[in-house]
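Let's take a walk through a protein chain together, one stop at a time. Keep the picture open while you read, and look up each residue as we reach it.

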Amino acid sequence: MGEKLAAFLVIVLALSYVACAYCLQGTILSRTLLQLSPGAGQTVLTTLFPTDVVNVTCRTQDALVYDDPWWLQVTYAASNGSSIVGWVADYYVNCGNVGNCNVSQC
Ligand SMILES: *[C@@H]1O[C@H](CO)[C@@H](O)[C@H](O)[C@H]1NC(C)=O
Ligand SMILES: *[C@@H]1O[C@H](CO)[C@@H](O)[C@H](O)[C@H]1NC(C)=O
């Protein structure tokens, strides 16, 4: 393997590590909105559907959604290949554990 290729691979690995170093993946449970900000009635970026996967970055508390006060900042890969950063109610996201997505506070 050439030195350039090796250096390239190191950079790629470093970048993918940084991209999700402290994040968690979540699966959308039912149709909901990806918003510009946490809380009710915020600007809508796109609609998320069941089985869509998002990278959860951090969380903050805002309007309750069925007793769940947490809103998650997530990165979502849109069908056109771009990645969108937005907010979704924790209630609609399954992070693989019981209860809330356990990420650090934003
Ligand atoms: C989510 O994180 C994984 C692992 O770092 C990465 O491969 C993927 O591209 C990320 N997806 C989005 C939408 O940012
Ligand atoms: C949440 O994550 C923290 C840090 O990783 C851990 O100490 C804590 O036990 C977790 N809480 C739950 C409810 O899983």
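What percentage of the 106 residues in the protein chain do the buried residues make up? They make up 31%, where buried means under 20% relative accessible area, exposed means over 50%, and partly exposed lies in between, using a 1.4 Å probe and protein chains only. Before going on, some ground rules: this is a predicted model, in which local features need pLDDT of at least 70, side-chain atom pairs count only at pLDDT 80 or more, and totals for chains, interfaces and linings use all residues. Residues are numbered from 1 along each chain as its sequence is written, chains are lettered from A and ligands numbered from 1 in the order in which they are written, and side-chain values use heavy atoms, with hydrogens and water left out.

Now for the overall layout. The protein chain has one helix and seven strands, and reading along the sequence gives you the pattern α-β-β-β-β-β-β-β. Helices (H or I, at least four residues) and strands (E, at least two) are DSSP runs here, numbered from the N terminus.

Next, look inside. A nonpolar core is a set of buried Ala, Val, Leu, Ile, Met, Phe, Trp, Tyr and Cys residues joined through side-chain atoms within 4.5 Å. The largest one has 15 residues, and L34, V54, V56, L72, V74, V88 and V93 are the ones that touch the most other members. Strands β4, β5 (68-77) and β6 (83-89) each supply at least two residues of this core, with β5 giving the most, at three residues. Apart from this core lies another, made of five residues, including W71, W87, A89 and Y92.

Time to find the cysteines. The structure holds two disulfides, each being a pair of cysteine sulfur atoms within 2.5 Å. One is formed by C58 and C106, whose sulfur atoms are 2.0 Å apart. It links distant parts of the chain: C58 is in strand β4 (residues 53-65), while C106 is in the segment after β7 (93-94), 48 residues apart. Why is this disulfide of C58 and C106 called right-handed? Because the torsion about its S-S bond is about 100°. C58 counts as buried because its relative accessibility is 8%. The other disulfide joins C95 to C101, with an S to S distance of 2.0 Å. That link is right-handed too, with 90° about the S-S bond, and both C95 and C101 are buried.

On to the aromatic rings. A pair of aromatic rings is described by the distance of the centres and the angle of the planes. In this structure there are two aromatic pairs; rings of Phe, Tyr and Trp (its six-membered ring) pair if their centres lie within 6.5 Å, and planes under 30 degrees apart count as stacked, over 60 as edge-to-face and the rest as tilted. Y91 and Y92 have ring centres 5.2 Å apart and planes at 85°, so they are edge-to-face. Y91 is partly exposed because its relative accessibility is 36%, whereas Y92, at 18%, counts as buried. Ring pairs link Y66, Y91 and Y92 into a cluster.

Stay with Y66 for a moment. It is found in the loop between β4 and β5, and it is exposed because its relative accessible area is 61%. Most residues other than glycine have a negative phi. T51 also has a positive phi, near 80°. You'll find T51 in the loop between β3 and β4, and its relative accessibility of 63% is why T51 counts as exposed.

Last stop: Q42, in the loop between β2 (32-35) and β3 (44-48). Is Q42 exposed, partly exposed or buried? Its relative accessibility is 30%, so Q42 counts as partly exposed. Leaving out residues up to four places away in sequence, Q42 touches Q35 and S37. The C-alpha atoms of Q42 and W87 are separated by 9.5 Å, and these residues are 45 apart along the chain.

Note on methods. Contact = heavy atoms within 4.5 Å.
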